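Open the model in your viewer and keep the selection panel at hand. The tour goes stop by stop.

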Amino acid sequence: MNSKQQQVAIVTGASRGIGAAIAQRLGREGYAVVVNYAGNAAEAARVVQAIADGGGSAIAVQADVADPAAVRALFDQAIAQLGRVDVLVNNAGIMPPQLPALADTGDDTFDRLVAVNLKGSFNTMREAGTRLQHGGRVINFSSSLVGTRLPGYAVYAATKAAVETMTNILAKEMRGKGITVNAVAPGPTATALFLDGKTPETIARLSAMAPLERLGTPDDIAAAVAFLAGPDGAWINGQTLRANGGMV
Ligand code: NDP
């Protein structure tokens, strides 16, 4: 691929879990990748190295997506170092390992979930709305919990439902720019976010919910993102794709 025309993808929260798999997949597909992370510089550096080892190019950029100035600086740095941004994958997200009922949920938990999952996605989408190349792609992250509505996940699922709504509206607002905006909504996926704080019995029960009877892998989700980012996804716009083995 001509380096002048190489497409650039920002993947938020790409130091670990699903984001790391997406960054590596997009790196293999020829995108120059911005590996964003919040605090884990060493893990982000490992992802950058893995992409380079596979013949791709990537840089690591620290930014807390909850901070609008940091997100602006993330886009500034991507454009300064790589020249353009074509794809934004809004993967960064948090879920507390303890999941109390709504009535027992503290203000700090509510505020942090909204700050990272909802405001964080807003902050990056706002930059993308004016700074993505014509023909670009925004791929947001929801959760299949918006469909299953399991007890304990009220605030987390609410932040993701809001992201799905913004996905659909931003898609309409991008009229004339050739930019698609979609969301991927994984089911239970084997990462720290899902596994931490759960007993083996809970993990087995949630794994069995999908008719395919297993947890998703980060690579399963990266494949869905690569489809939406690539030419085969060109006609999908304003949609949420549930990647969950058929759970809901
Ligand atoms: P992980 O906890 O494994 O990884 C989270 C990643 O997000 C890390 O790279 C972390 O960076 C980064 N991150 C966290 N907070 C911020 C922040 N404020 N700013 C920038 N980066 C941040 O999560 P998953 O890979 O499991 O989840 C990825 C996405 O998928 C999330 O949006 C999640 O809600 C969604 N999802 C996951 C499911 C699952 O079962 N795993 C199911 C449904 C949806 P650092 O390493 O620096 O901390």
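What is the order of the strands in the open sheet? Select the seven strands: the order is S3-S2-S1-S4-S5-S6-S7, with parallel pairing. Strands pair if DSSP finds at least two bridges between them. Helices (H or I, at least four residues) and strands (E, at least two) are DSSP runs, numbered from the N terminus.

This is a predicted model, where local features need pLDDT of at least 70, side-chain atom pairs count only at pLDDT 80 or more, and totals for chains, interfaces and linings use all residues. Residues are numbered from 1 along each chain as its sequence is written, and side-chain values use heavy atoms, with hydrogens and water left out.

**Stop 1**

Axes are lines fitted to C-alpha atoms, for helices over the stretch in contact, and angles run from 0 to 180 degrees between N-to-C directions.

**Stop 1: S1 and S4**

Select S1 (residues 8-11) with S4 (residues 87-90). The two run parallel and are joined by three bridges. Find Val-11: Val-89 in S4 stands opposite.

**Stop 2: S2, H2 and S3**

H2 lies across S2 (32-37) and S3, at about 165 degrees to S2. S2 and S3 run parallel, with five bridges between them. Tyr-37 stands opposite Gln-62 in S3. Now trace the chain from S2 through H2 to S3: this β-α-β crossover is right-handed (with the strands pointing away from the viewer, the path from the first strand over the helix to the second runs clockwise).

**Stop 4**

Select H9 (residues 218-229). H9 packs on the sheet and touches S4, S5 (137-141), S6 (180-186) and S7. The direction of H9 makes about 150 degrees with that of S5. Contact means heavy atoms within 4.5 Å.

H1 and H9 pack at about 50 degrees, with axes 8 Å apart. That makes H1 oblique to H9. Angles under 35 degrees count as roughly parallel, over 145 as roughly antiparallel, 65 to 115 as roughly perpendicular and the rest as oblique. H1 passes H9 in a right-handed crossing. A crossing is right-handed if the near helix is turned clockwise from the far one by less than a right angle, and left-handed if anticlockwise. Show side chains: the contact includes Ile-18, Ile-22 and Leu-26 of H1 and Ile-221, Val-225 and Ala-229 of H9. By class, this contact has 11 nonpolar, one polar and two charged residues. Ala, Val, Leu, Ile, Met, Phe, Trp, Tyr, Cys and Pro count as nonpolar, Asp, Glu, Lys and Arg as charged, and the others, Gly among them, as polar.

**Stop 3: H4 between two selections**

Select H4 (residues 107-131) and H6 (residues 154-173). Their axes come within 9 Å and cross at roughly 15 degrees. H4 and H6 are therefore roughly parallel to each other. The contact includes Phe-110, Leu-113 and Phe-122 of H4 and Tyr-156, Val-163 and Leu-170 of H6. By class, the contact of H4 with H6 has 12 nonpolar, three polar and one charged residues.

The axes of H3 and H4 come within 9 Å and cross at roughly 40 degrees. That makes H3 oblique to H4. H3 passes H4 in a right-handed crossing. Arg-72, Phe-75 and Asp-76 are among the H3 residues that meet H4, whose contacts include Lys-119, Arg-126 and Glu-127. By class, the contact of H3 with H4 has five nonpolar, two polar and six charged residues.
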